[in-house]
Amino acid sequence: MPRGEIDEAWIEEAVRRYRHIETLQAEFDQAVATVEVTVRSPDGLVEVVVTAGGRITDVRFLGPLHQRNPRDVAGSVQAAVTAAADAAQWAREKLHNETFAAYRPLAGA
């Protein structure tokens, strides 16, 4: 192709690929908002449900609280919330890898 000429086939392919990536991004965003992960505190007292986006959608106490020390209950909640944040990050990474598996990063990125 002579210098200064526009390669329309290349442009069309670039636009097609860009639109495909936009579609994948929308699917990824939807999955991040809807996929949920459930985790428990190490002592099994607290269960937290979190989306891949990090939004906590439910917190459950799986045992009686009336005879527990408030500090112990707070520690169980904190442990479960920390685990939920880690689980959300894991789920996001897994979804991203699955969604964009066909696209490798650019060299040097």
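What relative accessibility does V35 have, and what does V35 count as?

Modeller: Bear in mind that this is a predicted model. V35 comes out at 30% relative accessibility, so V35 counts as partly exposed. You'll find V35 in the loop between α1 and β1 (36-40). Leaving aside residues up to four places away in sequence, V35 touches V50, T51, A52 and L95.

Among those contacts, let's follow T51. The C-alpha atoms of V35 and T51 are separated by 5.5 Å, although the two residues are 16 apart along the chain. T51 belongs to strand β2, which covers residues 46-51. With a relative accessible area of 3%, T51 is buried, since that label applies to anything under 20%. Again skipping residues up to four places away, T51 touches V32, A33, V35 and E36, along with T57 and A88.

Staying with β2 takes us to the charges. E47 lies in strand β2 too, and at 10% relative accessibility E47 counts as buried. E47 forms a salt bridge with R60, where the closest N and O atoms are 2.3 Å apart. R60 sits in strand β3, so this pair ties together parts that are 13 residues apart in sequence. Through shared partners, salt bridges join R40, E47, D58 and R60 into one network.

Searching the whole structure gives five salt bridges. One of them pairs E13 with R16, at 2.6 Å from N to O. Here both partners lie in helix α1, three residues apart, or about one turn of the helix. E13 counts as partly exposed at 35% relative accessibility, and R16 gets that label at 46%.

Back to strand β3, residues 56-61: this strand also gives the most to a nonpolar surface patch, contributing three residues. The patch is about 370 Å² and is made by I56, V59, F61, L65 and V81. V81 comes from helix α2, residues 70-99, and is partly exposed at 34% relative accessibility; that clears the patch cut-off, which asks for over 30% relative accessible area.

Beyond residues up to four places away in sequence, S76 touches S41, D43, L45 and V46.

One last stop, towards the start of the chain. E5, D7, E8 and E12 form a negative surface patch. E5 itself is found in the segment before α1, the helix spanning 8-34. E5 is partly exposed, with a relative accessible area of 49%, as the exposed label needs over 50%.

Technical notes: Residues numbered from 1 in each chain as written. Predicted model: local features only at pLDDT ≥ 70, side-chain atom pairs only at ≥ 80, totals over all residues. Heavy atoms only, no water. Patch = residues over 30% accessible without salt bridge, like charges linked within 9 Å, V, L, I, M, F, W, Y side chains within 5 Å. Areas by Shrake-Rupley, 256 points an atom, 1.4 Å probe, with all protein chains shown as cover. Salt bridge = Lys/Arg side-chain N within 4 Å of Asp/Glu carboxyl O. Lys, Arg positive; Asp, Glu negative; His and termini not counted. Charge placed at Lys NZ, Arg CZ, Asp CG, Glu CD. Helix = DSSP H or I, 4+ residues; strand = E, 2+ residues; numbered from the N terminus. Buried < 20%, exposed > 50% of the residue type's maximum accessible area, 1.4 Å probe, protein only. Contact = heavy atoms within 4.5 Å.
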